[in-house]
Amino acid sequence: TSDGEPPYRLLSLVPIAFAVSGFASLSYELLWTRILVYFLGVQAHAYTIMLMTFLFGIAAGSIFFARISDKVRDNLYLFGIVEILIGLFSIAGLFTMGRLYSLSDYLRMSGLIKTWWHYAGGRFIIAAAFMFLPTFLIGGTFPIVSRIVVTNLQKVSGSVGKIYALNTIGGILGSVITGFFFLPLLGVRNSVLVVVSLNLVLGFLLVLG
């Protein structure tokens, strides 16, 4: 637009985009859990470590991008770039699966693991190596979208609460559809590729729109 502000058609896409982002995020959590169970085991504490890594990445990303979003001139563009990067790093994760076996074997045979806490720390390293970067970026979407909504509150219907509600609904649908449809019909790898395509399409719509 003439005043440098994002066009309304892009701003009106933000609620849908954030819902799709929530769908993808919870889908990834479910898919990454299925992948990492081969390296971390099926014990209750293994799932706790995976969830802790996921939430740690989101928290770190939220803190980092909360500062960045206040300084960036075009947060819609930043939102698009972050979505694209989430997709690319998630694809990269598929190619690092083989290296996780090597890392797991190294930690087991190195003699460094002498206590349960060493064991838990090693499992955390494996989980972080696989999903810290994408979860860091996922966490970044929250402050970015909040900044977009606050800055353009009169131009976008709804409030921050409604935006986050849509993200939560998207997350619920992501976990249900991925668990009951994607995984049984497509398998883990193809399911990841489907979700990655959502991030990439969404990201390019925001960047190029």
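## Rings, core and surface

Guide: This is a predicted model. By the rule for ring pairs, the count comes to 12 aromatic pairs.

Visitor: What makes F18 and F142 an aromatic pair that is edge-to-face?

Guide: The ring centres of F18 and F142 are 5.5 Å apart, with 80° between the planes.

Visitor: Where in the chain do F18 and F142 lie?

Guide: F18 is in helix α2 and F142 in helix α6, 124 residues apart, and the pair links these distant parts of the chain.

Visitor: Why is F18 called buried?

Guide: F18 has a relative accessible area of 0%. Buried means under 20%, so the word applies. F142, with 23%, is partly exposed.

Visitor: Which elements does the pair of F18 and Y164 tie together?

Guide: F18 lies in helix α2 and Y164 in helix α7, so this pair ties together parts that are 146 residues apart in sequence. The pair is edge-to-face, at 5.5 Å centre to centre and 80° between the planes.

Visitor: Why is Y164 called partly exposed?

Guide: Y164 has a relative accessible area of 27%.

Visitor: What does S146 touch, not counting residues up to four places away in sequence?

Guide: S146 touches V160 and Y164. S146 lies in helix α6 and is buried, with a relative accessible area of 17%. The cut-off for buried is under 20%, so the value qualifies.

Visitor: Which residues have the most contacts inside the largest nonpolar core?

Guide: They are Y28, W32, L36, F79 and M131, in a core of 46 residues. The elements that give two or more residues to this core are α2 (14–40), α3 (44–71), α4 (75–95), α6 (116–151) and α7. The largest share, 12 residues, comes from α2.

Visitor: What is W32 in contact with, leaving aside its neighbours within four places in sequence?

Guide: W32 is in contact with F54, S90, F130, M131, P134, T135 and I138.

Visitor: Which residues do ring pairs link into a cluster?

Guide: The cluster consists of F56, F64, F65, F132 and F136.

Visitor: What makes the nonpolar surface patch?

Guide: I172, V176, F180, F181, L185 and L186 make the patch, which is about 630 Å². I172 is found in helix α7 (residues 160–208).

Definitions and conventions:
Residues numbered from 1 in each chain as written. Predicted model: local features only at pLDDT ≥ 70, side-chain atom pairs only at ≥ 80, totals over all residues. Heavy atoms only, no water. Patch = residues over 30% accessible without salt bridge, like charges linked within 9 Å, V, L, I, M, F, W, Y side chains within 5 Å. Areas by Shrake-Rupley, 256 points an atom, 1.4 Å probe, with all protein chains shown as cover. Salt bridge = Lys/Arg side-chain N within 4 Å of Asp/Glu carboxyl O. Helix = DSSP H or I, 4+ residues; strand = E, 2+ residues; numbered from the N terminus. Core = buried A, V, L, I, M, F, W, Y, C linked by side-chain atoms within 4.5 Å. Buried < 20%, exposed > 50% of the residue type's maximum accessible area, 1.4 Å probe, protein only. Contact = heavy atoms within 4.5 Å. Phe/Tyr/Trp six-rings, centres within 6.5 Å; stacked < 30°, edge-to-face > 60°.
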